[in-house]
Amino acid sequence: MMSTAQPTLINTDYGKSSKELIEFVGQLRALGAHIDLELPRIVVIGNQSAGKSSLVEAISGISVPRDAGTCTRCPMECRLAHSPGEWSCQIKIRWEYKSDNKERREEVEEVDFGPLLTDKGDVEPMLRRAQAAVLNPDVPCATFANMSDAQFQAGAHTKGKKQLLFSRNIVCIELTGPDLADLSFVDLPGIVQNAEAEVVQLVEDLVKSYIHGNSLILVTLPMSDDIENQKAARLAKEADPKGLRTIGVMTKPDTLTAGSTKARNMWLEVLEGRRHPLLHGYFCTRQPDDDERSRGISAAAAREAELKFFQSTTPWATSGHQHRFGTTNLVQNISKLLTNIIREALPGLLEQVAAQLESCNSQLVKLPPPVTIEAAAFVFNLVSDFCNDLTQRVRGSPAHTELVQSTRRMYDGFKTTIRSSAPPFVPYKDAAHAPKDITEYIRVDSNDRKARGKTYTGQVVYLDDVRAHIRACMTRELPGNVPYAAKLALFQAFQHSWEQSALGCFVEVQDVFKERIAVLVREYFERYANLKAIVGPATMELMKTCAERTASQLRVVLELETSPFTQNNHYFVECRDKWLAKYKDARAGKGPAERVTPASVAATQVFTFGAPTTPARAPPSSGPPTKKARTTSGPRAANTSSPSSSEQEDAASSSEEEASSSEEESSSYEDASRKAPAPAPPTTSATNDFTFTSTAPAKALSPEEQEKRDELLKQTLANLANLGYMGLHAEDLGKLNPADIYEDELEVMAEVRAYFQVAYKRVIDYIPLSIDHHFLYAFVKGLQQTLFERLGLGTPTSAARCSAYIAEDPTVAALRDELMSKKKRLENVQRALYNFGL
C-alpha cells in the first residue's frame with residue numbers, strides 16, 4: 001500500500017537551498033543570460049489534448065486558459081517558490097523579441113503585467129490578457145491589463161493590426177505560497193498535427209528551440225494512445241537520443257478501461273523501465289476530469305483522489321515502483337533534479353561568461369569604432385592620416401620599409417641590366433685567334449667567378465671588326481686619325497637599349513606602388529564606400545599624371561647621354577688606361593694563352609655590320625616604342641684631354657676606383673646576361689645573348705709558379721718606383737708593350753669601354769633618382785591637396801558631403817549594436833554571479 005503522507009521539499013535545508021538556486025536562475029534569465037548561456041530549466045511539452053494543461057495546473061495550483069483547439073500561443077514560464085506568507089501571484093512579460101517575432105531586442109526586458117494577485121480566481125483571466133499582449137506587441141501592455149472583462153470578451157484588443165499566431169516572447173508567472181514547492185518550468189504550446197501547415201511548423205520550431213542544450217524535457221504522454229504514435233515523444237527522442245535529459249509523464253490513466261489489460265501492462269512496462277527506458281524514468285499522474293473540474297474540486301481533494309486511484313486500480317496498485325505514481329512524487333523528483341543540475345552548472349557559468357566576454361571584446365576591437373566627432377573633421381583627419389602614412393612608406397621609416405626595399409631591388413635589377421650592355425670588346429684579331437675563355441674582357445663584374453672557364457656564345461667585337469668599322473666611317477681624316485663618327489657610333493650602340501630598360505624599370509615601380517596604394521586605400525576607406533569611391537579614382541588619376549611627367553623626364557635624362565661628354569677626366573683616363581693596358585697585355589701574350597680550333601669557334605657570334613640588336617629587357621607592350629640606335633656623328637667629340645694638375649692630385653685616391661667599382665657589382669654575369677644583351681655597334685639580327693656553355697677551364701699556373709710570378713711582379717714595380725716611376729700597378733705594365741699593328745683599334749676599344757663606365761655610373765643613379773623625385777615624391781607631395789579638392793573639404797557644403805561620405809554600412813552598425821548589447825548583458829550576468837557568491 002502507498003503511504004498517505006504527502007512528501008514535500010518545504011521547510012527542509014535542501015528546500016531552502018533549492019529555493020535560492022531556482023530563484024537565482026530566474027534572476028539570470030530575467031537579465032537575458034539564457035540568450036548566451038545554457039541555463040538549466042525544465043520544459044514541458046506534449047501533444048495537443050495530452051493532459052499537459054492539467055499537469056501544469058496540478059503542479060502550480062492555478063487554472064490556466066483552456067479552450068477548444070490550441071489555447072497556449074506563447075511560452076509560459078512558471079516560477080514556484082515556497083513562502084510562509086499568504087499566497088500571491090505576479091504575472092510578468094519578458095520581451096526578448098521585436099514585433100516581427102524574429103529579431104532579438106538589444107536588451108531583454110521583463111516587466112510586470114497587472115497588479116499583484118492574491119485571489120487564484122483572478123489568475124486565469126489575467127493570463128489571457130497577458131497572452132493577448134504578447135500576440136499584439138504594437139499595442140501597449142497597459143491597454144490589455146486595464147481592459148474590462150466585457151471589452152476583452154468583445155474582442156476590443158483584436159481591432160486594428162492583425163495579431164501574431166504565436167509569439168516567442170514569454171509570459172512569466174511568479175507564484176509564492178505555503179503550499180508550493182520550489183520549482184521552475186516552461187510550459188510550451190501543445191504540438192498540433194491537424195492544423196494549417198504554417199501553424200504546425202511554428203509550434204514545432206518553437207518546441208525544438210527550447211528542448212535543445214541541457215534543458216530537462218518533461219514530455220506528457222497520454223495513455224489513451226500508443227507512445228510510438230506521439231509526436232512529442234519523437235521530438236524529445238530527436239533532441240535527446242540517449243534519453244539522458246528526458247522525463248516521461250504518463251497522463252490520463254483513467255481512460256484505460258478495466259478491459260484494457262494489454263494496454264495497461266504495456267504502460268506498466270514503460271513505467272518500470274522495461275520499454276523505452278530513460279535515465280530519469282517515467283512518472284504516472286491522474287488529474288481531475290471535466291466533471292470534477294466543473295464541480296470546483298480543490299487541489300488537496302484532487303491529490304487525494306489521485307492517491308486513491310493508484311491504490312485501488314490494477315496494475316498500478318501492485319507495482320513495485322510506487323514512488324513513481326502521483327503528482328507529489330513527480331514534483332519532488334523534478335525539483336531535486338533541477339536543483340542538482342543548477343548546482344552543477346553554476347560554477348561553470350563564470351568561465352563561460354568570461355570566455356564570451358573576451359570573444360565579444362575581440363570582435364568589437366576588429367570593428368571600426370563609431371564616428372563620434374563632427375563629420376568634416378573626421379574626414380579631414382582620416383585623409384590626412386592616409387596621406388601621412390603613404391608619405392612615410394615612400395620616404396621610408398623603420399616601421400615602413402617594404403616599399404623602399406621593393407624599389408631598391410628594382411633599381412638594382414636596372415643597374416645589372418645597364419651594366420650588361422657594356423661593349424663586348426675582345427682584343428684579338430678574330431674568333432680563330434681568341435682564347436677559349438674570353439670572359440676576362442666581356443665580364444663586367446670581376447667577382448663573377450661563375451663566368452670563368454666557360455665558352456662565351458654571345459656576340460663579341462674583335463679587332464678586325466673594329467678596324468672594319470673605323471674604315472667604314474672614314475671621310476676626310478688625316479692619316480693616323482680615327483673618325484669621331486666611329487667612336488660616336490660605338491658610344492650610341494651600347495646605349496640603344498637604355499631607354500627601354502629605364503622605362504621597364506619604371507613600369508615595375510608603378511605596378512608595385514599601385515598595389516601598395518590599393519592596399520592602403522582599402523585599409524583606410526573600406527568601411528566608407530562613398531569615400532572610397534572618390535579617393536580611389538583620385539589617387540589613380542594623380543598617379544597617371546605623375547607617371548607621364550616622370551616618363552618624359554627619364555627620356556630627357558637619356559637624351560643627354562646621346563652626346564658623349566664628361567668632366568670626370570681623371571676617372572675616364574684611369575679607366576681608359578686600365579683597359580688599354582689589359583688589351584695590350586692580351587696582345588703581348590700575357591692574357592689567356594689557349595687558342596681555340598676553328599671547329600670550336602663555330603658557336604661564337606662574330607661582330608658584323610647591320611641593324612641594331614634587339615634588347616632583351618623591355619617594358620610591357622603598353623610601354624613606349626623602341627628607339628633606334630643613332631649612327632650619325634655628333635657635332636662634338638668626347639672630352640678626352642689629359643687631366644689638369646688639380647685632377648692629377650685626385651688620381652692617387654681614385655686609382656683603384658675602376659677595380660673597386662667592379663667589385664661592388666654583386667650580381668653574377670650570368671644573372672645580368674639574362675636581363676639584357678650587351679649591345680655592340682650595328683650588327684646582324686643575331687641575338688645579343690650573354691649565355692655560356694660549359695667547357696673545361698684554361699690551364700692555371702701551379703701554386704709555385706704563381707708565387708714566383710707574383711714575387712717577380714713585386715720586384716719589378718719596386719725597381720720602377722726606385723727609378724722614380726711612382727704609383728704604378730700591375731696593369732700599368734701593359735703600357736710598356738711595343739706598338740701594335742692594331743694600336744688605333746685598341747685605343748678606340750679602351751676609350752669606348754672607359755666612357756661606358758662613366759656613362760653607366762651616371763645613368764644607374766639618375767634614372768632611380770628621377771623616378772623617386774618626379775614620381776614617388778611628387779605623388780605624395782600633391783596627394784593631400786588633390787584629395788581635399790576632390791572631396792570638397794573647406795567648401796560651404798563640406799559638412800553635408802562629409803556626412804554622406806562616412807555613412808556607415810548598416811550591417812556593420814547592426815553588428816556593433818548587437819555586440820554592445822551582448823557585452824552589457826554578459827557584464828550584468830557576471831556581476832550577478834559574483835554577488836551570488838560564485
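1. Let's begin with helix α3, where K52, S53, S54, L55, V56, E57, A58, I59 and S60 are buried. Because 9 of the 9 residues of α3 are buried, the helix is largely enclosed by the rest of the structure. Just after α3 comes G61, which takes a positive phi of about 80 degrees. Please keep in mind throughout that this is a predicted model.

2. Which residues of α12 does α3 meet? On the α3 side the contact involves L55, A58 and I59, and on the α12 side T327, L330 and V331. By class, the residues of this contact of α3 with α12 divide into 5 nonpolar, 1 polar and no charged. Two packed helices are described by the angle between their axes and the distance between the axes. Here helix α3 (residues 52-60) packs on helix α12 (residues 327-366) at an angle of about 75 degrees, and their axes are 10 Å apart. An angle from 65 to 115 degrees counts as roughly perpendicular, and α3 and α12 are therefore roughly perpendicular to each other.

3. The axes of helix α16 (residues 463-473) and α26 cross at roughly 95 degrees and come within 9 Å. It follows that α16 and α26 are also described as roughly perpendicular to each other. From α16, the residues L463, V466, R467 and I470 meet E745, L746, V748 and M749 of α26. The contact of α16 with α26 has 6 nonpolar, no polar and 2 charged residues.

4. Now for the rings. How many aromatic pairs does the count come to? The count is 19 aromatic pairs. One of them joins W498 and F756, a tilted pair with 6.4 Å centre to centre and 55 degrees between the planes. This pair links distant parts of the chain, since W498 is in helix α18 (residues 498-525) and F756 is in helix α26 (residues 743-791), 258 residues apart. W498 is buried, with a relative accessible area of 1%, and F756 counts as buried at 0% relative accessibility.

5. W579 and Y583 form another tilted aromatic pair, with 5.7 Å centre to centre and 45 degrees between the planes. Why are W579 and Y583 separated by about one helical turn? They are 4 residues apart in helix α20 (residues 569-587), so about one helical turn lies between W579 and Y583. An α-helix has 3.6 residues a turn, so residues three or four places apart point the same way.

6. Still with aromatic side chains, F309, F310, W316 and F325 form one aromatic cluster. Two arginines also lie over rings: the charged end of R395 sits over the ring of Y777, 3.9 Å from its centre, while R73 lies over the face of F166, at 5.2 Å from the ring centre.

7. R801 is in helix α27 (residues 798-805) and has a relative accessible area of 31%, so R801 is partly exposed. Its contacts, leaving aside neighbours within four places in sequence, are with R790, L791, G792 and T795. For L791, 10 residues apart from R801 along the chain, the C-alpha atoms of the two residues are separated by 7.9 Å.

8. The other is E269, which lies in helix α9 (residues 261-271). E269 is partly exposed, with a relative accessible area of 29%. Which residues is E269 in contact with, leaving aside its neighbours within four places in sequence? Those contacts of E269 are with R274 and R275.

9. Finally, the chain as a whole. Its secondary structure comes to 28 helices and 13 strands. Of the 838 residues of the chain, 50% count as buried. Among contacts in the chain with a separation of 6 or more, 82% are accounted for by residues 24 or more positions apart.

Methods: Residues numbered from 1 in each chain as written. Predicted model: local features only at pLDDT ≥ 70, side-chain atom pairs only at ≥ 80, totals over all residues. Heavy atoms only, no water. Phe/Tyr/Trp six-rings, centres within 6.5 Å; stacked < 30°, edge-to-face > 60°. Helix = DSSP H or I, 4+ residues; strand = E, 2+ residues; numbered from the N terminus. Buried < 20%, exposed > 50% of the residue type's maximum accessible area, 1.4 Å probe, protein only. Lys NZ or Arg CZ within 6 Å of the ring centre and 35° of its normal. Axes fitted to C-alpha atoms, helices over the stretch in contact; angles between N-to-C directions. Parallel < 35°, antiparallel > 145°, perpendicular 65-115°, else oblique. Contact = heavy atoms within 4.5 Å. Nonpolar A, V, L, I, M, F, W, Y, C, P; charged D, E, K, R; others polar.
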